[in-house]
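I opened the model to look up two things.

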Amino acid sequence: MNIIEIKDLSFSYRKNTPVLKNINLNIKKGEWVSILGHNGSGKSTLSKLIMGLLKANEGEIIVDGIPLTEETLYEVRSKIGIVFQNPDNQFVGVTVEDDIAFGMENLEIDREEMVRRIDLYSKKVSMNEYLKKPPHQLSGGQKQRVAIAGILAMDTDIIIFDEATSMLDPKGRDSIMEQIRELKEDGATIISITHDMKEAVYSDTIVVLKEGEILASGDAMDILNNKEVLNASNLELLLPLKLLHKLDEANINNEEMRDILWQLSLNK
Amino acid sequence: MNNIIIGQYVPGTSFLYKMDPRSKLIALFVFMISVFIIKNLLHITILLFAVILILRIGGIQIGRIFKGLKPILFLLSFTFIFQLLFVKGDVEDILVDANVVITSINIFIFIGFFILWRLLRKVVKFRFLLFITFLVGSIIMFINLTPGSPLFNNPYNLVIYKQGLEGAVFIMTRLIVIVTMSTILTLTTKPTDLNLGLEKVLKPLKIVGVSTEIMAMIIAIALRYIPTLLDEANKIMLAQASRGVDFSEGKFKDKIMQIISLLVPMFIISFKRSDELADAMEARNFVPGKRRTRIHLLKWTSVDTILITVSLLTLSGVIVTRILGW
Ligand SMILES: Nc1ncnc2c1ncn2[C@@H]1O[C@H](COP(=O)(O)OP(=O)(O)OP(=O)(O)O)[C@@H](O)[C@H]1O
Ligand SMILES: [Mg+2]
């Protein structure tokens, strides 16, 4: 079942400079989709359109069977959580605790439940010792962690991560990846916008945007292995895959070596 | 960045910290009204005494209050001097009437004499020092006591009236008391509680159609962004400085250009920030005016009732004495 259906979607901030052109995209319930693309290809714009923060010029967006319109705006939004690219401008609360609570307060969740979830999710992003701190005393990566906790705490069916781990240290990133995998096991749909190939490996499918159009989409490993598509969007092959391609070019056919490299590229 | 006090909470344990933000806000409001209707020096003394008492019992360092007063120091001295010099009264209310020219010559001579004395003390004989002293003395006498001299007939007389001095003292005390009171509030109240307190206290305004949740939310966000925006201003200043803009010196016209070079980026950044922040809030299901649950609870205790009572008593005391004309 498709939880998100996008049909013939076009959008422009200013007349005659289309940012998204004729996008058609279906995302299945419980799927983990990565969106790749060069800077300015329209990834963030697409996520804002899905969220109803921007209004499409043409086309249709259907979320969980509900077409996105003025009337259904709030209903659709309550199904989606989004972690934005810039952690500075999404910190609403006066303290970490308040910020994690903000979304839940809006969803009218009981106070006890809020306290429980703040405790749970602040621990999951290792920010439980900073609950009373104001945002200007936090680092960029710490603000990103808080933003992630705030969205996880809302417990929505769909979560969009817009380069949400770009400022995290490798360990922090791994633990967030682990977190997302758990979410997916619980049935959540994940849309993750990223430039990091190692992150994209985890996803089920990949959509590649180029200059506002879908350049390619399909099974994650197929796209990650496609040199032409990646090159076209300023991305590089993962190192093990690069080695595999080199082996091919040199006509070396060592099955064991290929196997190891393949496993490596899958992060195993 | 470090001398900014607005909205700055400093952790502590005194009774002021345990109080409900609502009672603090209401008490502040009531005190402010009292401050504005007081009319005589006795009231001022009582008010100042009350403020000092709160500071002492509340365990607040006076230094922090001074920090809060620093930004308005210029305003304070300006109003003080303005009141002192330009408020006029009757002739019998004149406190000081000094001829500006003669006064400045006197001051000049005294300073000059003092410096001369220090310089010459070691190198010349006592006899000569005595001579200079007498010389200066007679010059001063000549200037000050000879009404016929042209120095006396100049229009620059400095006159200070009783009313001027009173007005100056009144305005100063009012400003100081108000700033001190609000500084006490922000020092001892977490921004979160302040926000919630404001929302509740402003609730009556709902009747006139003002959306108090949104107002409180905007105030809270403004408070939350002050440090960030100051940080931003700092960065812009550094960036402009590295491009050759000098913020420390320059003529008036240069100063204006410098301020513009700061304001334009600040304006753009604030706009972009507020836009993105609004997106982030809406994305987290914020619907202006819709019901929300709250993570923080407010607790009203007997201390709060006492504070409110005290502030109301003060106010009614001031009103009654004014009506009675004391
Ligand atoms: N608020 C705006 N007003 C006008 N144009 C905009 C606005 N936001 C983005 N754009 C333009 O739309 C295009 C797509 O921007 P978008 O932010 O969606 O890119 P992106 O794929 O998220 O890039 P990045 O990888 O850098 O995050 C860019 O050309 C950008 O200049
Ligand atoms: Mg982006």
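**Interface and metal site**

I looked up the area buried between chain A and chain B: about 3100 Å², with carbon and sulfur atoms giving 53%. Buried area here is the accessible area (1.4 Å probe) that two parts lose on being put together, summed over both. The model is predicted: local features need pLDDT of at least 70, side-chain atom pairs count only at pLDDT 80 or more, and totals for chains, interfaces and linings use all residues. Residues are numbered from 1 along each chain as its sequence is written, chains are lettered from A and ligands numbered from 1 in written order, and side-chain values use heavy atoms, without hydrogens and water.

Next, contacts. I found 38 residues of chain A in contact (heavy atoms within 4.5 Å) with 28 residues of chain B.

Then I checked charges. Chain A and chain B share six salt bridges, taken as a side-chain nitrogen of Lys or Arg within 4 Å of a carboxyl oxygen of Asp or Glu. One of the salt bridges joins B:Glu282 to A:Arg77, with the closest N and O atoms 2.9 Å apart.

Last, the metal. Which protein atoms are donors of the magnesium ion (ligand 2)? I noted A:Ser44 (OG) and A:Gln85 (OE1), 1.9 to 2.3 Å from the ion. Donors are N, O and S atoms within 2.8 Å of the metal (3.2 Å for Na, K and Ca); water is not among the atoms, so sites may look incomplete. A:Gln85 counts as partly exposed because its relative accessibility is 35%, between the limits for buried (under 20%) and exposed (over 50%), with a 1.4 Å probe and protein chains only.
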